[in-house]
Structures are given as structure tokens and as C-alpha cells.
Amino acid sequence: MAEAVRRRRDPQSRRLAIVTAAAELITEVGVDAITHRMVAARADVPLGATTQYFATLDDLRDAALQHLAADVAERMGAIREVIDESGATPALLAELIHAALADATAVQADRAVVTAAVHDPRLRELARHWTDELVGILAPVHGSASARAAVVFIDGVLWHAQIHERPLDQHLIESALAGILGTAEAPASSSPPSTA
């Protein structure tokens, strides 16, 4: 009750609750299945509140998809930091992918954005940006053709997890990436090579 009162007094909190609820529902039922009524129930707000903040259902869907996209972009940034620090080896990539697959909600969110991107040019550009960013991380070590092939494989791994509801084994992912990328060493130490 106190939370509902606080949200009434704080329009930004109420708007965020509505957007978050819509984003959650998109990952559960798909972008085309959500309704104002479903979102209002999930956000625990009156039905009229959804139209107060979002004139149309399309406006609400857009805001929710952008919310999901921001979450995916944040996760991509964290992955980039780890790879920049430790190297783009198949073993590390498989470890990162397997860890990401353990978060079923995150996988659903990522796939919801990619699915919506098929029909929404704005999201398509965003989805391409994520793909290009990952290719950009891998290409300096493995070459652009192998990097792009690896990213297509990773995309397939995410779809597989979504469809089969069970992630692929980490060793299988690593073996496949090693076949695509070859082996890459972690960044070399900055100390000079031994002359012994």
C-alpha cells in the first residue's frame, strides 16, 4: 500500500513501473500479445494510468522495448570489459555465454528485442549495433570473417536456449567456437620476453 501511495506521488516511479511491467510481459508473452489491462495489472496501477502515460499501446510497447534494449546494452558493455581484460579466447567466450544462458529472463529479453527488430527498423538498427560491436571485439584477434561467423553462432546458441529451454553444454560451445575462431591467446604480459 505504501508503495502504491509513493508511486502516485512520484509520476516518474509510476511511469517506470508501467514500462518495467510491459517489458516483463513482452519477454513472457511476446510484444504483440500485451494489452493495457495486462500491464496495469502487472504494474499494480489503475488501468487509466497506462493511457495517462502512454497515449497508445504502440507508445507503451516502444518504451518497454527501449527499456529491454538498454538492459541488453548494459550487459554487452560488461561483456566487452571482461573480453578486453582477459582476451577473446574460445574458452572465455564459452564461459561468458554459458553464464549468460543461466539467466533465462535475460535471454528472453534479448530474444524479444531481436524478434521485434524484424518488424521495427529502429530496433533493427540497435540489434545490428550489438552484433557489430561483438564482431568489433573479436575481429582484431580473429579476423572479421571468423568474428562474424562466431557472432552468428552465438546468436544461434541464444535462439537454441530459448526454444529448447535448456542451454547448450559449455564444452560444446567452446569446441564450436574453437573450430570457428581457432585458438587465441589471452593478452600478453607487458613485460619484455625472457632472453634465457
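Let me start with helix α6, residues 90-101, in this predicted model. The helix has twelve residues, and at 1.5 Å a residue it should span 16 Å; its end C-alpha atoms are 16 Å apart, so the two agree. The expected span is 1.5 Å times one less than the number of residues. Helices here are DSSP runs of H or I with at least four residues, strands are runs of E with at least two, and both are numbered from the N terminus.

What is buried in α6? Pro 90, Leu 92, Leu 93, Ala 94, Ile 97 and Leu 101 are. Buried means under 20% relative accessible area, exposed over 50%, and partly exposed in between, with a 1.4 Å probe and protein chains only. Those buried residues pack against α5 (57-86), α7 (104-117), α8 (121-142), α9 (144-164) and α10 (170-181).

Next, two of those partners, α5 and α7. Two packed helices are described by the angle between their axes and the distance between the axes. For α5 and α7 the angle is about 120° and the axes are 9 Å apart. Axes are lines fitted to C-alpha atoms, for helices over the stretch in contact, and angles run from 0 to 180 degrees between N-to-C directions. The pair is therefore oblique; under 35 degrees counts as roughly parallel, over 145 as roughly antiparallel, 65 to 115 as roughly perpendicular, and the rest as oblique. On the α5 side, the contact (heavy atoms within 4.5 Å) is made by Leu 65, Leu 68, Ala 69, Val 72 and Arg 75. The α7 side contributes Ala 106, Ala 109, Asp 110, Ala 112, Val 113 and Ala 116.

Now Pro 140, which sits in helix α8. Buried or exposed? Pro 140 is exposed, at a relative accessible area of 67%.

Of the 196 residues, 38% are buried. Among contacts with a separation of 6 or more, 64% join residues 24 or more positions apart.

Finally, confidence. Mean pLDDT, the predictor's confidence in each residue from 0 to 100, is 84 for the chain, and 88% of residues reach 70 or more. Over residues 184-196 it stays under 50, and the model has 13 contacts there beyond four places in sequence. Where pLDDT is low, the predicted coordinates should not be read in detail.

On conventions, residues are numbered from 1 along each chain as its sequence is written, and side-chain values use heavy atoms, without hydrogens or water. Local features need pLDDT of at least 70 and side-chain atom pairs count only at 80 or more, while totals for chains, interfaces and linings use all residues.
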